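Please view the sequence and the model together while reading.

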Amino acid sequence: MIELSSVTKLYGTVIGVNDISLSLEPGTYGLLGPNGSGKTTMINLILGQLRPTIGTVRLFGTNPWTKSRLLRRIGLCPANEVHYPRMTGYDWVKYLVQLHGFNSADGHARAVTALEQVGLAEHMNRPMRNYSLGMRQRAKLAQAMAHEPELLILDEPFNGLDPVGRRQMTDLLHEWAKQGRSIIVASHILHEVEELNPSFLLISGGRLLASGAPSEIHEILADTPSTFSVRSSDPRALAELLIKHDMADGIEIDGETLIVSTESDLRIQSGLPEIVMENGIVIYEMSSGDDSLKTLFPTLMQIHRGETRKGTLK
Amino acid sequence: MNWIQGSFRTCSFELRRSLTNQRIAVSAVMVLFPSVILGLVHAAPGVQGEMPVEVSQMLILLLVGLVTILSLLLWATPNVHSELEGKSWVFIASRPGGRVSNFLGKYFASVYSSFIVSWAAVTLSVLVVNQVAEVRDPLKLWSVLSIIFLIACVVYGAIFSMIGTIFYRRGMVIGVAYVLVSDVLVANLPAIIGKLTVRYHLQSLGIAWMGWLFPGGEEAVRNYNTYFGKPEPWFNLTCLFVMMALCLGVGTFVIVSRQYITKDES
């Protein structure tokens with residue numbers, strides 16, 4: 001479906017994407033990376049909006065830069081905000097659907113169906129200046145889906161959505177994937193994408209650092225320095241136990257909560273249940289700070305440069 | 001031919017989108033500006049009823065011309081920049097033929113809305129001049145000026161649209177510079193290069209269809225013909241058509257082959 005061979009994109013002297021090679025078969029993919037890591041550049045290269053400085057891009061076997069017809073098979077929901085304050089969501093989605101070559105009647109039907117799918121049917125005739133961020137996000141998704149593309153590319157699709165909206169969006173994308181269609185979701189937040197159970201592409205500094213199934217990424221994550229917060233019935237006792245069993249490299253106590261730093265998630269994941277059970281400590285809440293990506297990427301970068309042996313890169 | 005349909009849809013969407021109170025107010029000012037200035041000039045002490053009709057005609061051409069150019073600069077040159085600034089470029093460019101649809105659709109919208117402004121301005125101006133001076137054939141003057149300004153919108157619109165794709169960040173400034181150099185400076189040169197300007201051909205058409213539009217009487221006509229020649233209208237129309245087609249062709253080529261990068265990316 002998508003093939004990038006040694007693709008580099010330079011913006012003057014700044015590197016957008018650095019020597020990326022990959023081949024993606026139809027499926028669901030999570031393109032993960034911190035802000036400014038090159039995700040949007042990579043998407044624009046795939047869509048033929050940018051021409052690689054070095055290397056070749058193939059989309060459905062063809063060069064997307066020269067064949068804009070390919071865009072009929074793709075739906076893009078960019079990260080950009082929509083700025084059409086006077087237009088209604090319906091007008092905007094219908095216009096963009098019609099640019100795919102549909103006549104007015106088909107454009108109307110598809111726009112209405114897509115807006116219903118994203119839960120915006122009630123508000124579709126309101127000017128977009130009255131839309132909340134979440135509603136604009138839904139409208140953006142509707143314009144990407146309305147022409148029923150084979151591949152849906154979503155750049156930070158969960159931005160501005162409340163938890164219910166996120167759930168609905170995830171369900172919608174699950175449905176989409178079930179119909180045998182492909183999805184690429186770009187995000188800088190791991191858990192947002194994780195629920196779609198995609199294959200991951202981890203990108204940072206314009207480089208593709210790792211790719212693989214969720215389990216493989218979790219393996220890397222497990223062996224990556226990170227910080228946990230644990231709220232328990234006896235934080236002091238738990239802190240002592242964690243240090244005694246060499247599970248923590250640093251601990252801070254903040255009331256009922258322990259902030260635990262560790263060089264390896266895996267040690268805590270495997271050992272914590274046992275020591276908690278043995279010592280009768282109740283865990284109320286545990287979160288692996290979703291800064292996991294923040295810590296993951298520097299580690300991956302080190303692995304990429306050969307500075308550390310932790311983790312496995314594909 | 002997705003882009004042909006797309007162009008008309010973009011034009012229709014653009015016209016609806018831009019129908020804001022602010023735009024309507026700006027257009028109304030532009031429509032009224034020439035007739036108000038003409039009325040003030042005619043009402044000025046020492047001028048009342050004394051101004052030759054040719055001077056009034058020249059003022060109409062000058063003032064409505066100014067308004068038309070201004071309207072086209074406002075509408076046609078930001079064809080790419082406004083989408084990049086509004087971050088809506090990617091939505092359009094990710095459609096098959098979306099770039100060309102955007103270019104041509106916005107061109108049509110700029111020609112349509114600018115012609116409405118200039119046509120209304122011509123109509124009001126001719127009415128004002130007809131009230132205060134003896135215009136020989138006001139209906140003919142109105143018809144000829146309307147056609148000339150329609151052609152002006154079509155050709156200048158294409159030039160400014162092309163400029164908007166090439167110099168998308170400074171389109172309006174380059175557009176103004178083009179008008180100053182081409183239509184103010186070069187068009188007045190009695191040389192071959194002058195014939196490459198839009199103004200020369202529009203002026204020739206006006207003279208061919210109206211006889212003479214400017215002050216100076218028969219001597220001025222003779223001098224003009226000596227220096228600038230007396231081409232047939234079909235020649236002027238052909239030249240103007242070629243200019244329009246060339247600019248739209250170049251603009252289309254540029255818009256499909258250029259990588260437009262948003263602020264976020266750059």
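Which residues of H7(B) and H11(B) meet? In H7(B), B:Ile151, B:Val154, B:Val155, B:Ala158, B:Ile159, B:Ser161, B:Met162, B:Thr165 and B:Ile166 meet B:Leu240, B:Met243, B:Met244, B:Cys247, B:Leu248, B:Val250, B:Gly251, B:Val254 and B:Ile255 in H11(B). Two residues are in contact if their C-beta atoms, placed from the backbone, lie within 7 Å. The model is predicted: local features need pLDDT of at least 70, side-chain atom pairs count only at pLDDT 80 or more, and totals for chains, interfaces and linings use all residues. Residues are numbered from 1 along each chain as its sequence is written, while chains are lettered from A and ligands numbered from 1 in the order in which they are written.

**Packing of H7(B) with H11(B)**

- The contact of H7(B) with H11(B) comprises 15 nonpolar, 3 polar and no charged residues; Ala, Val, Leu, Ile, Met, Phe, Trp, Tyr, Cys and Pro count as nonpolar, Asp, Glu, Lys and Arg as charged, and the others, Gly among them, as polar.
- Helix H7 (residues 138-166) and helix H11 (residues 233-257) of chain B pack at an angle of about 25°, with their axes 8 Å apart; axes are lines fitted to C-alpha atoms, for helices over the stretch in contact, and angles run from 0 to 180 degrees between N-to-C directions.
- That angle makes H7(B) roughly parallel to H11(B), a term for angles under 35 degrees.

**Packing of H7(B) with H9(B)**

- H7(B) also packs with helix H9 (residues 198-210) of chain B, at an angle of about 160° and with the axes 10 Å apart.
- H7(B) is therefore roughly antiparallel to H9(B), a term for angles over 145 degrees.
- Among the residues making this contact are B:Ile151 and B:Val155 of H7(B), together with B:Leu202 and B:Trp209 of H9(B).
- The residues of the contact of H7(B) with H9(B) divide into 12 nonpolar, 1 polar and no charged.

**Interface between the chains**

- In total, 23 residues of chain B are in contact with 27 residues of chain A.
- On the side of chain B that touches chain A, two or more residues each come from helix H1 (2-17), helix H5 (89-93) and helix H6 (98-132) of chain B.
- H1(B) provides the largest share of that side, 6 residues.
- The residues on that side of chain B are 6 nonpolar, 12 polar and 5 charged.

**Chain A**

- Chain A contains 10 helices and 13 strands; helices (H or I, at least four residues) and strands (E, at least two) are DSSP runs, numbered from the N terminus.

Conventions: Angles under 35 degrees count as roughly parallel, over 145 as roughly antiparallel, 65 to 115 as roughly perpendicular and the rest as oblique.
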